[in-house]
Amino acid sequence: MKCALIIPAWIPEDIFSSKTASSQINYWQPLGILYVASSLIKAGHDVKFFNGAFMTHEEILKDVKEYNPEFVGIYSTAFGWPKAKKTAEDIKRFDGRIFVCAGGPYPIAMQEQCLLDSGAGGIDAIVTGEGELAVLELIDRIQKGLSLKDIEGVDYREGNRVIKNPQRPLISDLNSIPLPARNLLGDKNLYIPPPATYRRKPVAVVLTSRGCNRRCIFCFQIDRDRKSGIRYRSVENVMDEIELCLKQGFREIKFIDDTLAADYDRAMGIAQEIKARKLDFTWFASACVNQVDKPLLKAFKEAGCWAILFGAESGVQKNLNTIRKGITLDQTRNAVRTAKEVGIKVFTPFIFGIPGETFEEGLKTIDFACELDPDVANFHTITPFPGTDLYDRVTEFGTISDNLTDFTYQGAAFIPNTMTRDTIQRLRSIAFRRFYSRPRFLLRRVVGIRNINDLRVAWKGLKSLLWIWVKDDLFKIRKGTPATP
């Protein structure tokens, strides 16, 4: 069967301020789609990928029409759902025989609600979990003209009715899944993280595990009850993907596991194997501050890791406890200091708008960021993505926007009872100004310029900083009507 997999068209300004987008924008390789694509290809289907990060809506429709698929899969986040619906409706408009299915974080969280929301002329089915197996069974039924009843992990429309099938068990043997079909990406150099977050191009994104055993209130996981915990790929399987990426021409890898160090021995094994094989690439990972120590970070460094992200989130212990982060301020201090000692660059995101947080506590978080002095800090808004505990309990803590386009880390979709939208916007402005205007930081950035790329990154960052100083309302948030889910 001819299958088209689509990310609806979007532009950086849908998420970021136009004044700072150039220093914030990232174009991730969409691993979820690429995993589904590889399973379809292995099963003998013909697959094309249309990425709306680099195509307009009209271009997507034109190319899909020319391709003439029988099946279309559309990926959607919360903020992208309106565009996903429109893409589905417009595809159906030029050929109502095409079976249109939606997947991604928002459909997984909202499930049959997405079918009700899309109307009778749009989406035919929703994949409600990991799609590699569900999509294969779905397409097999379509080809044979059979009912979609009882396909685990698929909700579907039957006439005017929405049928909810049982959930599909999560894939336990991750080694059994074909490696992502990166050959569908086109120009590899288009897929780059934000400036200053990579050293070499092209950059591949790799996921060595799925799931999380932590319970942060703002984190979306398919396994909401954490019954399956973290499912790991073997070290050998991970190495197979790394070596394939290098053969395909990638020169850097960004490991996007929630924390690469959740299994200490496995993380150490990956680092040691990379070093033993003398593989020539640089890499970036995320880890929880209470899961790393000097031996592990030193092994990462010796294996080519140049940067690590620690989710610091807040400089107030009360607020860390509220979001169930499971860490202490001292653990963050120790992890940041140790990473610096072994020569790894440190990135630390922080969030404002935590339930119960006050403006004064927000200022303490800014003080903490400056104290830690990471190489890069980011200051987001906490976001109650559908499927998270924060979303389910939002009325206990504050109000939620009725505008899905606010559901980014920039949009302040959630306002705690102890703050206002303007307070959160003000804290973000103060944070970026104070952190990035410090003489210590500016001197380090100037001294660190080694080549033309470093200069470009510094210039983009400087322009963004100037706009933050000039425009008091740079992070001004659209005032959608607060609503409860």
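The protein has 18 helices and 18 strands, where helices (H or I, at least four residues) and strands (E, at least two) are DSSP runs numbered from the N terminus. Its radius of gyration, taken over C-alpha atoms, is 22 Å, close to the 23 Å that the globule rule (2.2 Å times the number of residues to the power 0.38) gives for 485 residues, so the protein is as compact as a globular protein of that length. This is a predicted model, in which local features need pLDDT of at least 70 and side-chain atom pairs count only at pLDDT 80 or more, while totals for chains, interfaces and linings use all residues. Residues are numbered from 1 along each chain as its sequence is written, and side-chain values use heavy atoms, with hydrogens and water left out.

Along its principal axes the C-alpha trace spans about 65 × 55 × 45 Å. Of the 485 residues, 58% are buried, meaning under 20% relative accessible area with a 1.4 Å probe and protein chains only. Among contacts (heavy atoms within 4.5 Å) with a separation of 6 or more, 75% join residues 24 or more positions apart.

Because 9 of the 12 residues of H2 are buried, H2 is largely enclosed by the rest of the structure; among them are Leu-31, Leu-34, Tyr-35 and Ser-38. Just after H2, Gly-44 takes a positive phi of about 100 degrees.

Key. Buried < 20%, exposed > 50% of the residue type's maximum accessible area, 1.4 Å probe, protein only.
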